[in-house]
Amino acid sequence: MSNPFLSIVIPAHNEERRLPPSLVKIDRFLKQQAYEAEVIVVENGSIDRTYAVALECAKEYSFLRVLQTPDGARGKGLAVKHGMLAASGDWRFICDADLSMPIDGLVKFLPPESDGYDIVIASREAPGAVTIDEPEYRHVMGRIATFIIKFAAIRDYEDTQCGFKMFSRSVAEDLFAVQRMNGIGFDVELLFIAKRRGYKVKEVPITWYFDPYSTMRLWDDSIKLLREIWQIRRNWRRGLYG
């Protein structure tokens with residue numbers, strides 16, 4: 001498949017359990033679409049059978065490619081960058097392995113919904129968004145993260161950290177070529193650069209289902225996010241984003 005319309009990039013760390021049923025749902029969705037698509041699973045530093053399970057799935061799904069981060073390095077940002085730069089689609093979609101946003105919601109991120117926009121990001125906080133079974137503590141954690149991001153980096157968006165984002169081909173190749181954050185701050189980094197590049201970003205409300213296996217930690221992740229935002233601003237001042 002030389003030039004599919006859509007590339008779906010799934011970073012996968014210890015996802016041997018959640019990945020197969022998600023691929024079943026993606027396969028069912030893609031069979032209903034008129035365009036060609038590829039799915040790229042990028043395993044990064046797993047200690048379970050994620051890579052082996054993904055390879056087994058690739059025997060069943062012709063659209064599926066399985067990659068690993070260099071030297072088995074860990075980091076969601078690293079995995080997403082590796083997958084996005086390996087992708088060949090006209091539109092490139094970051095997709096969490098748990099499909100906490102049902103895959104049929106992807107239509108909100110593609111033309112004609114995306115016409116005129118370079119990037120479309122999912123939001124659990126924009127007007128019209130619906131969250132299912134989200135505990136109050138988890139919602140508070142998300143709002144604290146948003147406060148930190150608005151205070152220290154970018155004020156334009158209600159939810160930079162949702163794991164579902166679409167990029168046009170040219171914008172993906174531009175932004176991911178200069179991305180430097182491997183951890184929790186990579187979403188902020190991409191949008192921080194995009195805003196300064198003048199790219200048009202659309203935030204769309206989604207239906208989102210809480211996953212009880214989430215590993216988000218309030219204080220540790222908040223402190224890490226602040227550190228990475230400081231590094232992003234420092235990188236920008238030093239001209240490291242080109």
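Me: Why is Leu99 called buried in this predicted model?

Reply: The term buried requires a relative accessible area under 20%. Leu99 has 8% relative accessibility, so Leu99 counts as buried. Leu99 lies in the loop between E4 and E5.

Me: What makes the phi of Leu99 worth a remark?

Reply: Most residues other than glycine have a negative phi. Leu99 is not a glycine, and yet its phi is positive, at about 50 degrees.

Me: Why is Asn14 called partly exposed?

Reply: Partly exposed is the class between the limits of under 20% for buried and over 50% for exposed. The relative accessibility of Asn14 is 31%, and therefore Asn14 counts as partly exposed.

Me: What makes Trp230 an exposed residue?

Reply: Exposed means over 50% relative accessible area. Trp230 has 51%, so Trp230 counts as exposed. Its place is in helix H7, residues 218–237. The C-alpha atoms of Trp230 and Ala152 are 7.9 Å apart in space, while the two residues are 78 residues apart in sequence.

Me: Why does Ser22 count as buried, and which residues does Ser22 touch?

Reply: The limit for buried is under 20%, and Ser22 has 6% relative accessibility, so Ser22 counts as buried. Ser22 is found in helix H1, residues 19–30. Leaving aside residues up to four places away in sequence, Ser22 touches Ala97, Asp98 and Leu99.

Me: Which residues of helix H3 are buried, and what covers them?

Reply: In helix H3 (residues 76–86), the buried residues are Gly77, Leu78, Ala79, Val80, Gly83 and Met84. Their cover includes strands E1, E2, E4 and E7, as well as helices H5 and H6.

Me: Why is the pair of Phe167 and Phe176 called edge-to-face?

Reply: A pair of aromatic rings is described by the distance of the centres and the angle of the planes. Rings pair if their centres lie within 6.5 Å, and planes over 60 degrees apart count as edge-to-face. Phe167 and Phe176 have 5.1 Å centre to centre and 75 degrees between the planes, and the pair is edge-to-face. Phe167 is buried at 1% relative accessibility, and Phe176 is buried at 0%. The structure holds nine aromatic pairs. Ring pairs also link Phe93, Phe109 and Phe164 into a cluster.

Me: How do you know that the radius of gyration of the chain agrees with a compact globule?

Reply: For 242 residues, a compact globule would have a radius of gyration near 18 Å, and the chain has 17 Å, which agrees. The C-alpha trace spans about 45 × 40 × 35 Å along its principal axes. The chain comes to seven helices and nine strands, and buried residues make up 50% of its 242 residues. Among contacts with a separation of 6 or more, 81% are between residues 24 or more positions apart.

How values were computed: Residues numbered from 1 in each chain as written. Predicted model: local features only at pLDDT ≥ 70, side-chain atom pairs only at ≥ 80, totals over all residues. Heavy atoms only, no water. Helix = DSSP H or I, 4+ residues; strand = E, 2+ residues; numbered from the N terminus. Rg over C-alpha atoms; globule rule 2.2 N^0.38 Å. Buried < 20%, exposed > 50% of the residue type's maximum accessible area, 1.4 Å probe, protein only. Contact = heavy atoms within 4.5 Å. Phe/Tyr/Trp six-rings, centres within 6.5 Å; stacked < 30°, edge-to-face > 60°.
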